[in-house]
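I opened this notebook to keep track of what I looked up. The entries follow the order in which I went through the structure.

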Amino acid sequence: MKKNDLFLIGGIIVFVFVAFLLLLIFRTEGSKVLITIDGKEHKTFNINEDTTYNILLDNGEWNILEIKDGYVKMLDASCPDKLCVKHNKIRYNTESITCLPNGVDIRVIGGEESDLDAIAK
Amino acid sequence: MNSKKIASYGLFIALAFIFSYIESLIPIPFPVPGIKLGLANLVVIIAIYGIGLKEAFVLSMVRILLVGFTFRDPSTLIFSFAGGLLSWLTMAIFKKLKLFSMVGVSILGGIAHNIGQIIVAIMYVNNTSLIYYLPLLMISGVVSGTLIGILGALILKRLNKFLD
Ligand SMILES: [Zn+2]
């Protein structure tokens with residue numbers, strides 16, 4: 001192992017630490033839940049209205065999504081890996097749960113109005 | 001290509017195949033298929049240092065094809081190829097630059113692997129927010145990259161007798 005290897009490891013750890021910190025500081029709670037299928041908009045929900053929704057694809061595959069207490073999670077899915085079902089529930093702006101086998105993506109959007117937006121109005 | 005080279009190709013592909021199988025048994029809580037601990041990368045980096053860059057590239061692509069059709073859904077091949085290609089390219093460049101030892105090169109290769117797959121995933125579901133997974137994957141890249149680099153150097157020392 002060279003000295004440069006240690007600098008590299010140290011540099012990456014600092015970068016990751018700063019990135020996590022920035023994400024934590026600037027994260028805002030979302031207001032809407034956007035579902036896309038193969039990158040195309042499918043449906044939008046209000047994150048504060050509890051509901052369960054079955055995303056049914058033309059090829060017979062499906063994902064069941066639950067919005068409850070301001071959180072979104074994937075209850076069940078027909079995909080082989082079930083990674084989307086294992087994903088933690090989400091609530092913050094830009095967080096997403098992706099089911100790649102089915103091409104389904106659920107993301108939280110429309111964070112609270114910032115002070116700047118309020119002034120602009 | 002002499003018979004010894006063909007034999008070492010066979011040996012390396014078999015090793016990569018076994019590592020990929022072991023990895024397929026370990027679940028990783030990340031939505032991109034093919035993002036793994038990088039055990040298979042161990043074989044690729046040994047090949048880079050032990051046989052040559054071109055040979056390592058062929059090995060990496062053959063491994064992805066074999067594994068894609070055996071343990072995974074072939075539709076995930078594009079993710080594996082993007083990761084494998086970017087990882088090989090990064091390791092080849094940094095090996096030439098001689099800035100780092102095998103440890104540094106394997107860390108960078110591991111991170112490049114994940115970046116390649118995230119790029120494909122972003123295009124696939126049209127969601128740039130997937131980039132936020134990167135810091136987490138960089139940490140796993142450092143841990144597994146360090147282990148693989150150290151292990152690779154040890155194995156290479158012993159293999160060199162056979163390869164020469
Ligand atoms: Zn899924």
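**Entry 1, salt bridges.** I began with the term itself: a salt bridge is a side-chain nitrogen of Lys or Arg within 4 Å of a carboxyl oxygen of Asp or Glu. I also noted that this is a predicted model. How many salt bridges does the structure hold over all chains? I found two.

One of them is formed by Arg107(A) with Asp105(A), and the closest N and O atoms are 3.1 Å apart. That distance is within 4 Å, so the pair meets the rule.

I then turned to Arg91(A), whose side chain meets that of Glu29(A) in a salt bridge at 3.0 Å, N to O. This pair links distant parts of the chain, 62 residues apart. I located Arg91(A) in the loop between α2 and β6 of chain A, and Glu29(A) in the loop between α1 and β1 (32-37). Glu29(A) is partly exposed, with a relative accessible area of 32%.

I went back to Asp105(A) and placed it in strand β7 of chain A. Its relative accessible area is 0%. I looked up its side-chain partners. A polar contact of 2.7 Å joins the side chain of Asp105(A) to that of Thr98(A), and another, of 3.1 Å, joins it to the side chain of Arg107(A).

Which residues does Asp105(A) contact, leaving aside its neighbours within four places in sequence? In chain A I listed Leu34(A), Ile35(A), Thr36(A), Ser96(A), Ile97(A) and Thr98(A).

I asked which protein residues are donors of the zinc ion. They are Cys79(A), Cys84(A) and Cys99(A), each through SG, lying 2.2 Å from the ion. Along the chain the donors follow the spacing C-x4-C-x14-C. Cys79(A) lies in the loop between β5 (71-77) and α2 (83-86), and Cys99(A) in strand β6 (residues 96-99), so the pair ties together parts of chain A that are 20 residues apart in sequence. I checked accessibility for these two as well. Cys79(A) is buried, at 1% relative accessible area, and Cys99(A) is buried, also at 1%.

I counted 24 residues of chain A in contact with 31 residues of chain B. The two chains bury about 2500 Å² between them, with 69% of it on carbon and sulfur atoms. I looked for salt bridges between chain A and chain B, and the count is zero. For polar contacts, the rule finds eleven residue pairs across this interface.

On the side of chain A that touches chain B, α1 (3-26), β6 and β7 (104-109) each supply at least two residues. The largest share comes from α1(A), with ten residues. I sorted the residues of this side by type and got eleven nonpolar, eight polar and five charged.

What does the secondary structure of chain B come to? I recorded six helices and zero strands. Chain B has 164 residues, of which 52% count as buried. I also looked at its contacts between residues at least 6 apart in sequence, and 69% of these join residues at least 24 apart.

Note on methods:
Residues numbered from 1 in each chain as written. Chains lettered and ligands numbered in written order. Predicted model: local features only at pLDDT ≥ 70, side-chain atom pairs only at ≥ 80, totals over all residues. Heavy atoms only, no water. Donors = N, O, S within 2.8 Å, 3.2 Å for Na, K, Ca; no water. Helix = DSSP H or I, 4+ residues; strand = E, 2+ residues; numbered from the N terminus. Buried < 20%, exposed > 50% of the residue type's maximum accessible area, 1.4 Å probe, protein only. Contact = heavy atoms within 4.5 Å. Buried area = accessible area lost by both parts, 1.4 Å probe. Polar contact = N/O pair within 3.5 Å; in protein donor to acceptor, adjacent residues only side chain to side chain. Nonpolar A, V, L, I, M, F, W, Y, C, P; charged D, E, K, R; others polar.
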